[in-house]
Amino acid sequence: MPFDVYHRYVDSAATFQVRIAGLFGVVDQKGPEMTKSETVTLLNDIVVMAPAAVLDLPFTWETLGEHTMRATFSNAGYTVSAMLTFDAEGDLIGFLSNDRSQLEGKEARNLPWSTPISGYAEVNGIRVGTQGDASWVEAGGEWTYGRFTIRKLEYNVQ
C-alpha cells in the first residue's frame with residue numbers, strides 16, 4: 001500500500017502528515033513540539049547537505065573534544081543543539097541531539113536522535129554525506145527507522 005509522508009517547515013511552524021494511498025490521513029502533527037523537533041531536522045539537513053550555509057545562519061559552536069563539537073542553531077524562536085562527530089579527515093560522521101521528540105500517537109517523548117553518516121561522495125560537484133541512518137536512542141538500545149542514500153541534490157531551486 002503506498003503512503004505519502006510530508007514534513008513541512010514554513011515560516012515559523014512545522015507539520016508532519018502521513019496519508020495512505022494519498023487519500024486517508026493517519027498522522028497530522030503540528031504545534032510547538034513539532035516545530036522544535038523539525039528545527040533539529042533542519043539543523044541536521046544543513047550540516048549534512050549544505051554545510052557552507054552555516055556561515056550565513058544563526059549558529060554557535062562549542063568544541064567538546066578533538067573530533068567533536070556542539071552546534072547550536074536558532075530559528076523561528078526555537079533554539080536546538082546537537083553534538084557533531086568528525087573523522088580524522090574532517091568528514092561529519094555523527095549527529096546526536098537531545099532536542100527532538102519522538103511522537104507516539106498524541107504523546108511526545110524526548111529521546112536522543114542520531115543520524116550517523118556512513119558514506120561520502122561528490123554530488124553535483126559538492127562533497128556531501130550520501131549515506132546515513134535516522135535512529136532513536138532508547139534505554140534498550142538504538143533502533144534505526146530510516147536509511148537514506150542521496151543521489152542528487154539541487155540548491156536554490158525556483
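Modeller: Start with contact: heavy atoms within 4.5 Å. This is a predicted model, with local features needing pLDDT of at least 70 and side-chain atom pairs pLDDT 80 or more, while totals for chains, interfaces and linings use all residues. Residues are numbered from 1 along each chain as its sequence is written, and side-chain values use heavy atoms, with hydrogens and water left out.

Biologist: Leaving aside neighbours within four places in sequence, with which residues is Leu-92 in contact?

Modeller: With those neighbours set aside, Leu-92 contacts Val-47, Val-48, Leu-84, Thr-85, Phe-86, Ile-117 and Tyr-120.

Biologist: Which residues touch the most other members of the largest nonpolar core?

Modeller: In soluble globular proteins, nonpolar side chains tend to be buried together. A nonpolar core is a set of buried Ala, Val, Leu, Ile, Met, Phe, Trp, Tyr and Cys residues joined through side-chain atoms within 4.5 Å. Buried means under 20% relative accessible area, exposed over 50%, partly exposed in between (1.4 Å probe, protein chains only). Here the largest core has 19 residues. Leu-43, Val-47, Phe-59, Leu-84, Leu-92, Phe-95 and Trp-113 touch the most other members.

Biologist: Which elements give two or more residues to this core?

Modeller: Elements are DSSP runs, numbered from the N terminus: helices (H or I, at least four residues) and strands (E, at least two). The core draws two or more residues from each of α1 (32–49), β5 (68–75), β6 (78–86), β7 (92–97) and β12 (126–138). Helix α1 supplies the largest share, five residues.

Biologist: How do β6 and β7 run, and how many bridges join them?

Modeller: Two strands pair if DSSP finds at least two bridges between them. β6 and β7 run antiparallel, with four bridges. Thr-85 has Gly-94 in β7 as its bridge partner. Five residues sit between the strands of this hairpin, where Gly-90 takes a positive phi near 95°. β7 also pairs with β10 (residues 113–114), antiparallel, over two bridges. There, Ser-97 stands opposite Trp-113.

Biologist: How much space lies in the largest pocket?

Modeller: On a 1 Å grid over the protein atoms alone, a pocket is an open set of points where a 1.4 Å probe fits, with protein on both sides within 12 Å along at least five of seven lines; lining residues have an atom within 4 Å of a point. Points join across faces, edges and corners, and volume is the space filled by probe spheres set on them. The largest pocket holds about 830 Å³. Of its 36 lining residues, Arg-100, Trp-113, Ala-134, Tyr-145 and Phe-148 are closest to the centre. α1 gives the most to this lining, eight residues.

Biologist: What volume has the second largest pocket?

Modeller: About 180 Å³. Its 15 lining residues include Val-47, Pro-51, Phe-86, Gly-90 and Leu-92, the closest to its centre. β12 provides the largest share of that lining, three residues.

Biologist: Is Ser-37 buried or exposed?

Modeller: Ser-37 is buried, because its relative accessibility is 3%. Ser-37 sits in helix α1. Neighbours within four places aside, Ser-37 contacts Asp-99, Arg-100 and Ser-101.
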